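Subject: Structure for you to look over

Hello,

Here is the structure I said I would pass on.

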Amino acid sequence: MAPFIQAQNLSLSFRPKNREPVAALTDLNLAVARGEFVSIVGPSGCGKSTFLNILLGLIKQDSGTLELNSTPITGPSQERAMVFQEFGLLPWRTVAANIELGLELKGTPTAARTERATELIKLVGLNGFERHYPHELSGGMKQRVGLARALATEPQVLLMDEPFAALDAQTRDLMQTELLQIWERTKKTVLFVTHSIEEAAYLSDRVIIMTARPGRTKDVLQIGLPRPRDYEMRLTPEFNEIKLRIWEVLKEELNSRAPL
Amino acid sequence: MTLKTHFAEHRRFWIGLGSVVFFLCAWELILTYVFPVNPFFFTKPSLIAAAFREQVQGAKLWHDLAISSQAFIWGFSFAVIVGIPVGLVMGWRRRVEYSLDPFLTALYASPLIALAPLFIIVFGVGVLGKAALVFLLSVFPFIFNTFAGVKSTDSLLINVIRSFGGREKDLYLKVILPSTIPYIIAGARLAIGRGLVGIIVGEFYAASEGIGFAISQAGDTYRLPEMFVGIIILSLIAVVLTEIMRKLEITAAPWRASDEVR
């Protein structure tokens, strides 16, 4: 049986005006099983986010195939939802109205929307903030709204593009643990792009390490840590061992690049 | 609360008020004692105040105001109805932008008020001619500000709507229009000033009633206090309307107000 998400020889170049094309991805191959939590790490500009955007359906590859459930991805669809690094909340909408956005675009009746939003507000721990506007929230709370909005449409795949990169370190640790709890309850397939080795190791079933631009899969590491995972697990020798393994693969790629 | 802390908290208001009072007193005193000018050629606050009282109690001022407002409201409303959609489409569709750009740049840069005689000839001396002039002057701030608002729409939000399967209509209604509203209100603020100029010039040029006509007639017949009454009423209207727009800007876009450093 074909994997749930499968990318085969996926390539994409950007063609900026009056400049040479830049290859963002070349022959990317990758497979993800249903319900799996997979992180993608790689040097800056290696095409991690580009890959997520192709998967989301916002941009199209030049060549290669990308299939979800054996069906090629041709455009956006509510079976996939993204949590954006910069949140992407509509500032003129309340928390509840932001969470309802996807449902609204799908044409879900108001009553069902409200019910679903209430459910999700509880899930992400934003009780009492339904009527608040994004500018009244902290970064962590904004991303809770972002997560709730993505989950509202009940997607099969959750795409997360450095979702916690804009948060401070403590909020980040907290959000990671909560994300794991939510993931264990909802059992979504998650593709999680990050720069943080620690984050990738802590959250994932598998970590995909990409090469420097143009991006390809360099290595895939299975993270054998038992679940449910908690913060204390990060202080164990096994965890450090995993981080070191990821670092050693990634290091070669960072070294292969011209100095920043 | 003591008087002192009250003053400290409302410094801006009290100092502003003090400065206005000082200006009026100086004007009055200088024209009374230093240069006692013939009231035929210049006037002073006490005479203006007397004329103001008289005018407010009479019927002519209110009639003139009603006449002018009618033309203003018509012209301004059409500027809203035409300006906002044109700005929206121009901002979102490159081809529309490029084809309208030369006309708009030329029209916006040139002193459109020079077209007043033409408008009066084409549309007549009545409400229509003046309304057309108000429209001409106030439509551009709406077009340009709406356009600028659309251009500055956060592309991330566009992607959010797209990623949920939103169509072009959804992009307009759920992102572009709401994020452009603060720009439109700022445009309205500019448009009010320009529209008032349109009314006044239209009435200076050819009219038999209206506040602009009243001002020019009072001037022609050397009734300076009366002329100042018209001018003051106009300033009051302009200030009130622009202040309303400013308040509206804050309530319509609270997320921006909190970003601003006051």
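Predicted model: local features only at pLDDT ≥ 70, side-chain atom pairs only at ≥ 80, totals over all residues.

Domains of chain A

Chain A splits into two domains: domain 1 covers 5–79 + 157–256, and domain 2 covers 90–154. Their C-alpha centres are 25 Å apart. Where the two domains of chain A touch, 11 residues of domain 1 are in contact with 10 residues of domain 2. On the domain 1 side, helix H6 (residues 169–186) of chain A gives the largest share, five residues. By class, that side of domain 1 has eight nonpolar residues, three polar ones and no charged ones.

The four-stranded sheet of chain A

One open sheet in chain A has four strands, in the order S2-S1-S4-S5, and the pairing is antiparallel. Strand S2 (22–32) and strand S5 (71–72) of chain A are at the edges; each has a single partner strand, so one side of each has no neighbour in the sheet. Inside the sheet, strand S1 (residues 5–14) and strand S4 (residues 63–68) of chain A run antiparallel and are joined by five bridges. If you want a residue pair to look at, Ile5(A) has Leu68(A) in S4(A) as its bridge partner. Helix H1 (residues 48–56) of chain A lies across S1, S2 and S4 of chain A, and its angle to S2(A) is about 65°.

The six-stranded sheet of chain A

A further open sheet has six strands, ordered S6-S7-S8-S3-S9-S10 in chain A, with mixed pairing. Its edge strands are S6 and strand S10 (217–222) of chain A, each of which pairs on one side only. On average, neighbouring strands of this sheet are turned by 20° against each other, with direction ignored.

Two of its strand pairs can be described in detail. Strand S3 (residues 37–41) and strand S9 (residues 206–210) of chain A pair in the parallel sense, over four bridges. There, Ile40(A) has Ile208(A) in S9(A) as its bridge partner. S6(A) and strand S7 (residues 157–161) of chain A also pair in the parallel sense over four bridges. In that pair, Val83(A) is partnered by Met160(A) of S7(A).

S6(A) deserves a look at its side chains. In a regular strand the side chains alternate between the two faces of the sheet. Arg80(A) and Met82(A) point one way from S6(A), Ala81(A) and Val83(A) point the other way, and all are buried.

Contact between the chains

How many residues does each chain bring to the contact? Chain A brings 19 residues and chain B brings 15 residues. On the chain B side, helix H8 (155–163), helix H9 (168–205) and helix H12 (254–257) each supply at least two residues. H8(B) has the largest share of that side, six residues. The chain B side divides into eight nonpolar, five polar and two charged residues.

Just after H8(B), Gly165(B) has a positive phi of about 85°.

Elsewhere in chain B

Helix H4 (residues 60–92) and helix H10 (residues 211–220) of chain B have axes that come within 7 Å and cross at roughly 130°. Asp64(B), Leu65(B) and Ser68(B) of H4(B) meet Ile211(B), Gly212(B), Phe213(B) and Ala214(B) of H10(B). By class, this contact has four nonpolar, two polar and one charged residues.

The last item is Asp101(B), in helix H5 (residues 94–109) of chain B. Is Asp101(B) buried or exposed? Asp101(B) has 12 C-beta neighbours inside 10 Å and therefore counts as exposed, the cut-off for exposed being 12 or fewer. Asp101(B) is 71 residues from Ile30(B) in sequence, and the two are 52 Å apart in space, C-alpha to C-alpha.

Regards

Methods: Residues numbered from 1 in each chain as written. Chains lettered and ligands numbered in written order. Domains from an automatic or database assignment. Contact = placed C-beta atoms within 7 Å. Nonpolar A, V, L, I, M, F, W, Y, C, P; charged D, E, K, R; others polar. Pairing = 2+ DSSP bridges. Axes fitted to C-alpha atoms, helices over the stretch in contact; angles between N-to-C directions. Buried ≥ 20, exposed ≤ 12 C-beta atoms within 10 Å, placed from the backbone.
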